Amino acid sequence: MTNKKALILAIDDTPANLFTLGGALASEFDLQIATSGETGLKLAAEHLPDLILLDIMMPDMDGYEVCQRLKTTPALKHIPVIFLSALSDPGSEMKGLALGAADYITKPISVEIARQRIRNLLEREQLRGVLEAQLIERQRVQADLLASESRFRYFFEKNSSVMLLIDPTSGEIKEANEAALAYYGYSSKQLIGMPISEINT
């Protein structure tokens with residue numbers, strides 16, 4: 001990982017919770033805080049944090065709605081969300097995870113456990129980013145190869161000169177362009193696979 005601290009956005013309507021958590025995480029992460037879902041969504045869009053810590057029970061817009069809106073916004077949907085909630089029942093946790101949250105931690109929070117889960121998620125996201133970049137690069141290389149093959153194919157097939165592709169080991173004709181078919185008087189089916197020695201001295 002680089003030396004740059006990961007940016008974490010904490011959304012919780014109780015400032016005391018945010019300052020306690022922020023104080024514990026500040027040495028390792030940059031922390032932004034929002035005390036409402038609406039403010040949290042605006043900050044997320046403006047700063048694209050590396051991870052979001054999200055309370056569920058908030059007035060106006062609860063954490064479930066915030067998470068749903070994050071996950072339906074293309075620029076924000078890949079940001080991992082960890083729910084931090086006093087709701088410890090399996091139904092609440094299932095609902096949060098079903099909305100796309102990466103993790104769910106119940107209050108009171110063990111800061112050490114929260115810190116380790118955050119680290120794990122950030123490492124996983126970094127790996128996902130590397131794999132995604134590799135996939136994009138592979139797709140670009142494949143597209144370049146296809147374009148190159150297409151240019152070669154057009155040059156080969158439409159060239160007015162006689163052109164053959166010959167297997168250097170067996171001497172068999174593998175490809176023949178239209179000019180070669182006309183010149184030798186064979187169909188493509190007849191010419192492909194024929195040893196070059198049969199038509200050329």
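# A first look at the strands, helices and loops

Leu48 sits in the loop between H2 and E3. Here H and E label helices (DSSP runs of H or I, at least four residues) and strands (runs of E, at least two), numbered from the N terminus. The model is a predicted one, where local features need pLDDT of at least 70, side-chain atom pairs count only at pLDDT 80 or more, and totals for chains, interfaces and linings use all residues. Residues are numbered from 1 along each chain as its sequence is written, and side-chain values use heavy atoms, with hydrogens and water left out.

**The sheet**

- Five strands make an open sheet with parallel pairing, in the order E2-E1-E3-E4-E5; two strands pair if DSSP finds at least two bridges between them.
- E2 and E5 are at the edges with a single partner strand each, so one side of each has no neighbour in the sheet.
- On average, neighbouring strands of this sheet are turned by 20° against each other, direction ignored; axes are lines fitted to C-alpha atoms (for helices over the stretch in contact), and angles run from 0 to 180 degrees between N-to-C directions.

- Five of the five residues of E3 (residues 51-55) are buried, where buried means under 20% relative accessible area, exposed over 50%, and partly exposed in between (1.4 Å probe, protein chains only).
- In a regular strand, side chains alternate between the two faces of the sheet.
- In E3, Leu51, Leu53 and Asp55 point one way, while Ile52 and Leu54 point the other way.
- E1 (residues 7-11) runs parallel to E3 and is joined to E3 by four bridges; Ala10 stands opposite Leu53.
- E4 (residues 81-85) also pairs with E3 in the parallel sense, over four bridges.

**Gln32 in strand E2**

- Gln32 belongs to E2 (residues 30-34) and counts as buried because its relative accessibility is 18%.
- Beyond neighbours within four places in sequence, Gln32 is in contact with Leu7, Ile8, Leu9, Ala10, Leu43 and His47; contact means heavy atoms within 4.5 Å.

- E3, H3 (residues 63-71) and E4 form a right-handed β-α-β unit; with the strands pointing away from the viewer, the path from the first strand over the helix to the second runs clockwise in a right-handed crossover.
- H3 lies across E1, E3 and E4, and runs at about 175° to E4.
- H2 (residues 37-47) and H3 have axes that come within 10 Å and cross at roughly 25°.
- H2 and H3 are therefore roughly parallel (angles under 35 degrees count as roughly parallel, over 145 as roughly antiparallel, 65 to 115 as roughly perpendicular and the rest as oblique).
- Gly37, Glu38, Leu41 and Ala44 of H2 meet Val66, Arg69 and Leu70 of H3.

**Backbone details in the loops**

- Most residues other than glycine have a negative phi, and most peptide bonds are trans.
- Leu48 is not a glycine, yet its phi is positive, near 45°; Leu48 counts as partly exposed at 46% relative accessibility.
- Asp60, in the loop between E3 and H3, has a positive phi of about 70° although it is not a glycine, and Asp60 is exposed with a relative accessible area of 85%.
- Lys107 and Pro108 are joined by a cis peptide bond, with omega about 0°; Pro108 is in the loop between E5 (103-106) and H5 (111-158).
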